[in-house]
Amino acid sequence: MSVKINIPSYLQSFTNDSEVIEVDGSTIHECLNHLIKKFPEIGDKVFAKDGELHNYVTIYVDGEFAYQEQLVKPVEDGTELHLLYVLGGG
Amino acid sequence: MLTNDELERYDRQIIMKGFGEAGQEKLKRAKVVVAGSGGLGSPAAIYLAAAGVGTIRVIDHDEVELGNLNRQILHWDRDLSRSKVDSAAEKLSQLNPGVRIEPVAETINEDNISSLVTGFDAIVDAMDNFPTRYLLNRAAIENNIPFVHGAVYGLEGRAMTVIPGKTACLRCVYRGLPPEEKFPVIGVTPAVIGSIQATEVIKHIVGIGKLLVNRLLVYDGLNMKFTLLDVKRNPDCEHCGRPAGGGRQ
């Protein structure tokens, strides 16, 4: 399955300044793993040491919020993911 | 009842569809908390004051520093070392003497949060840290006060409106805290997001338009994109979840 991942500007320095990365995977988790395979330095920005998403990272699937437990759910070809970081600045 | 001066001052917004003198009177009676008078709080408070929101409580415990002045447009070079809320109150009162500005130079914490927001019609989240944002979110829900979240980083921003008991809250969307760091930012980013927050408050008070609820606005100034992402109310949310889910409401 070909899936697009939108990268927040905060993390684009880890994806050669690319805003959108195309990956393969049949679940959200697989897609994120493929992203990390392409850009290893982004790995510890997305997942904590225990393998869970950092609690300040959120994923949206085709514009809809996805909970941690939904990472194992299948994705369809053409799905668009948004990877978001909690922003703290004001 | 609006005075002749007020009718003239607000004429351009009174003639907006759905606004009218009735809308302006609602703004005049409204009380809004702006939590923070920095990058977000400056434009939010300026536009709320200019629009004629009757009472604006500005809360901030900081003093003005040189490193604030690239973005915190309520504070000027001559205000260095001055209390931010005093600096803000002076400018806002000069902008619109018909608006009551309540400067509160306190640190928002669990003990004072309820007393700081009780009786107000809306809360603008213009903080620069997430622990206080979560405190405000919870207090907004407990006191049934609409809450307008905003946050920035560099040329990126977020905004979302929370109607307690009805729509997703900040805690439904976020669980953790961002990594601690000195965040990069240029003034135009909080200018965009702070203005959106003020827009949401005005729409809510006047009762016009569609609020930014159950949607997270993602602003990417670098690529000039606005993206709306759907968010859902989490039944198990620590702040707004139903009692069966262990929540407070």
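The model is predicted: local features need pLDDT of at least 70, side-chain atom pairs count only at pLDDT 80 or more, and totals for chains, interfaces and linings use all residues. Residues are numbered from 1 along each chain as its sequence is written, while chains are lettered from A and ligands numbered from 1 in the order in which they are written.

**Helix H4 of chain B**

Helices (H or I, at least four residues) and strands (E, at least two) are DSSP runs, numbered from the N terminus. A residue is buried if 20 or more other C-beta atoms, placed from the backbone, lie within 10 Å of its own. Among the buried ones are Pro43(B), Ile46(B) and Leu48(B). Gly52(B) follows the helix, with a positive phi near 95°.

H4(B) packs on helix H5 (residues 84–95) of chain B at about 30°, with axes 9 Å apart. The two helices are therefore roughly parallel (angles under 35 degrees).

**The contact between the chains**

Residues are in contact if their C-beta atoms, placed from the backbone, lie within 7 Å. Chain B gives 33 residues and chain A gives 20 residues.

S5(B) gives the most, with 3 residues.

Definitions and conventions:
Two residues are in contact if their C-beta atoms, placed from the backbone, lie within 7 Å. A residue is buried if 20 or more other C-beta atoms lie within 10 Å of its own, exposed if 12 or fewer, and partly exposed in between; C-beta atoms are placed from the backbone. Axes are lines fitted to C-alpha atoms, for helices over the stretch in contact, and angles run from 0 to 180 degrees between N-to-C directions. Angles under 35 degrees count as roughly parallel, over 145 as roughly antiparallel, 65 to 115 as roughly perpendicular and the rest as oblique.
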